[in-house]
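Subject: Structure for your review

Dear colleague,

Please find the structure below, followed by an account of what was found in it. I would be grateful if you could read the two side by side.

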Amino acid sequence: MNWRVSFAVAGFVLICAAHGMADPITCGERFTRHSEILGEDRTVFISVPVSYTRGTQRYPVLYLTDAQFEFDQSRSSAAFLARNRLIAEVIVVGVANNDRTSDFYASKADFKANGRTIPFPNSGHADQFLEFVEKELIPWVESTYRTAPLRILAGHSAGGYFALHTMRAKPGLFQAIIAASPWLAWDDARELKQLVPFLESAELQTRALFVSYANEEHQVGPEMKANVETVIRALRARKDASLRWASTTYPQEDHESTSVKCYYDALRMVFADWPFPRDSQNKLMGSLEDVKAHYARFGELLGYTPPPPEEIVNELGYQLLGMKALDQSLAAFRYNTEIYPRSANVWDSLADALEQAGKRDEALASCRKAASLAEANGDPSLETFRKHAVRLANSKKPDEK
């Protein structure tokens, strides 16, 4: 595949401490690939979730166009939302695009807006770029990383056009599509004219679609708003409820700034049913079986069934432990060790429940497993797990004098 890792320029930020250089903060990696399909090198940015090295689970993938502009903000938005349990953790993959009219537009034409015409003689190679994504990029990502069968494609402006074109040209390649201010006026709205009947047909296989526009008439003309609203009307005319879709406008944003809010809102929409229900006191509402059923229902919406998040199951275990429901608490913690066996934290949590249940030897073994995994994974909580094991080892059994 001819991938090579280049120095991790896309991958870290260095923070200077008062008395010297601090540790680097890793944000991802930058790869350079020679594409046989495109006949040139391409730069790809990849970021995995913090939990990636501490488990065996698989992750949905968010693919981005224009990674040179969109990678940092998209990666940080996805991480923020996942950390707050609003979406699943995702792998973010971005491709840099230097000649955007070549990569993104499916037909050769000139740019026309606000009475201007700008020639683009190299435009119109979107299907070739799409072939690269389908046959080179995605297979490499899925053979190299632990990916779940949920692919999301996000694009802005010309990239938004490409995202919608991909939805039509390759139904089913991506399960979710995000199009921020898609420039559908290209080539006298040729793509739009094909897109409208497609959106109303049974050929559409996308499970979730988010489309938006901003206050951008002064930059790109009135066509942007009019064309996106045409897409929205076509979506409203659909009779098939298998597609979940949403649209919004950002009157406080212009054409350049809108993707930040769009991508954030779109991820929340794609994962709208991800958060587990809570009561007015912010406590989880239900049992372990309810948690399993909730995420199974979410899987039905997007075509794959994810395991319940480690943090939710762990929280439920402690909630049950606080209620003195020891058997249910142990069941939750044991289930977490089954689905996240490489997570040190789940074994340490199980030890807490085992200790309360009077099973000191099992608790100590669980603690030691947590410490061993933490050491192997470079877990920052290693010392906490070690201290827990030492305390248990030095404690007396309940029947000892």
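By what distance along helix α14 are glutamate 383 and arginine 386 separated? Being three residues apart in that helix (residues 382-394), glutamate 383 and arginine 386 are separated by about one helical turn. Helices here are DSSP runs of H or I with at least four residues, numbered from the N terminus.

This is a predicted model, in which local features need pLDDT of at least 70 and side-chain atom pairs count only at pLDDT 80 or more, while totals for chains, interfaces and linings use all residues. Residues are numbered from 1 along each chain as its sequence is written, and side-chain values use heavy atoms, with hydrogens and water left out.

Glutamate 383 and arginine 386 form a salt bridge, with their closest N and O atoms 2.8 Å apart. The term denotes a side-chain nitrogen of Lys or Arg within 4 Å of a carboxyl oxygen of Asp or Glu. By this rule the count is 18 salt bridges.

A second pair is arginine 334 and glutamate 362, whose closest N and O atoms are 3.5 Å apart.

Glutamate 253 counts as buried because its relative accessibility is 14%, whereas lysine 261, at 39%, counts as partly exposed. Buried means under 20% relative accessible area, exposed over 50%, and partly exposed in between (1.4 Å probe, protein chains only).

Yours sincerely

Key: Helices (H or I, at least four residues) and strands (E, at least two) are DSSP runs, numbered from the N terminus.
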